[in-house]
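I opened the model today to look at its sheet and its nonpolar cores. My entries follow.

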Amino acid sequence: MVIKVFVATSSGSTAIKKKQQEVVGFLEANKIDFQQMDIAGDEDNRKWMRENVPGEKKPQNGIPLPPQIFNEERYCGDFESFFSAKEENIIYSFLGLAPPPGTKETEKSDATDGTEAQTEDKADEGAHEGAHEEAQSAQSESEDQQESKEEHETTGEEEEKQEEGEEKEDGEEKDKVEEQEES
């Protein structure tokens, strides 16, 4: 079985390039055999990819963007599905491959059964979407906390300056009172 990763070698989008690099780099690092299929330089690859990405995985404009991952003819998923499977330590299941001995991934007895793999993909997608929303929420909270901290620090600095100013004014008033008493 050959994993096919459809990429655009001449993409102008840095986001797409980063996603492609992450998929390819991960597969290389884990010594998973794959082929890069360039959709930018080969019209047949582009056409095949677009025709074989399932309808529910296509964006609203109907044109799926790389990277798209297949195991031979079976659609594995896009970058988001890949990322989710990687985070959940089920990448071999996602790719429809048997995990090598000694990996953490546990798998059902028949990893190549298409219906099981598709069911797992759909479950992975739902889990990833939830995890993605949680991550965005956590990031949002973190940003809010940072802003609050900065506001608090700014307020604290202003209060210190105000207190210093009040102390200075108090000192000047005492000096004036002492001068008047002396006169």
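**Helix on the sheet**

I began with helix α3 (residues 79–87), which lies across β3 and β4 and runs at about 85° to β4. I took helices (H or I, at least four residues) and strands (E, at least two) as DSSP runs, numbered from the N terminus. Axes are lines fitted to C-alpha atoms, for helices over the stretch in contact, with angles from 0 to 180 degrees between N-to-C directions. Contact means heavy atoms within 4.5 Å.

This is a predicted model: local features need pLDDT of at least 70, side-chain atom pairs count only at pLDDT 80 or more, and totals for chains, interfaces and linings use all residues. Residues are numbered from 1 along each chain as its sequence is written, and side-chain values use heavy atoms, leaving out hydrogens and water.

**Sheet**

I traced 4 strands in an open, mixed sheet, ordered β2-β1-β3-β4. Its edge strands, β2 (34–38) and β4 (74–78), each pair on one side only. Two strands pair if DSSP finds at least two bridges between them. I then checked β3 (residues 68–71): it pairs with β4 in the antiparallel sense over 4 bridges. Phe70 stands opposite Tyr75 in β4.

Which element gives the most to the largest nonpolar core? I looked for buried Ala, Val, Leu, Ile, Met, Phe, Trp, Tyr and Cys residues joined through side-chain atoms within 4.5 Å; buried means under 20% relative accessible area (1.4 Å probe, protein chains only). The largest core has 18 residues, and Ile3, Phe82 and Ile91 are among those touching the most other members. Helix α4 gives the most, with 4 residues. Another core, of 8 residues, lies apart and includes Phe70 and Tyr75.

How values were computed
Buried < 20%, exposed > 50% of the residue type's maximum accessible area, 1.4 Å probe, protein only.
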